[in-house]
Amino acid sequence: MEYNKEVKNRLKRIEGQIKGVLGMMEQGKDCKSVVSQLSAARNAIDRAIAVIVSTNLEHCLRENMEKGESTDHLVKEAIELLVKSR
């Protein structure tokens with residue numbers, strides 16, 4: 001599967017957030033601020049996972065439907081991926 005620009009841009013922003021947290025730590029920022037930024041990065045990662053899984057699911061569903069194959073297992077796999085990522 002090829003990942004689109006949206007997903008890659010999301011991950012680049014997350015990378016920037018993590019680098020920002022490291023900078024905050026080096027500057028000796030308070031715990032509350034660091035944890036707050038880490039929490040924001042975690043939320044962004046969760047959203048990126050959801051976008052990746054949903055995009056992949058859409059791709060796989062279309063592919064299987066074109067072939068006349070069942071799609072039930074694809075939805076189940078996608079749900080399991082989302083649950084495991086939590």
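A residue counts as buried when its relative accessible area is under 20%, as exposed when that area is over 50%, and as partly exposed in between (1.4 Å probe, protein chains only).

| Residue | Relative accessibility | Class |
|---|---|---|
| C31 | 59% | exposed |
| C60 | 18% | buried |
| S85 | 28% | partly exposed |

This is a predicted model, in which local features need pLDDT of at least 70, side-chain atom pairs count only at pLDDT 80 or more, and totals for chains, interfaces and linings use all residues. Residues are numbered from 1 along each chain as its sequence is written, and side-chain values use heavy atoms, leaving out hydrogens and water.

With a disulfide taken as a pair of cysteine sulfur atoms within 2.5 Å, the count is zero.

Now look at the helices, which are DSSP runs (H or I, at least four residues) numbered from the N terminus. Helix 1 (residues 5–26) and helix 2 (residues 31–67) have axes that come within 10 Å and cross at roughly 165°. Helix 1 is therefore roughly antiparallel to helix 2, a label for angles over 145 degrees. Contact here means heavy atoms within 4.5 Å. Helix 1 contributes residues including L11, I14 and I18, while helix 2 contributes residues including L38, A41 and I45. The residues of this contact divide into 16 nonpolar, three polar and three charged.

Finally, find S85, in the segment after helix 3 (72–84). Leaving aside residues up to four places away in sequence, S85 touches D46 and I49. S85 and D46 are 39 residues apart along the chain, and their C-alpha atoms are separated by 7.7 Å.

Methods. Axes fitted to C-alpha atoms, helices over the stretch in contact; angles between N-to-C directions. Helix = DSSP H or I, 4+ residues; strand = E, 2+ residues; numbered from the N terminus. Parallel < 35°, antiparallel > 145°, perpendicular 65-115°, else oblique. Nonpolar A, V, L, I, M, F, W, Y, C, P; charged D, E, K, R; others polar.
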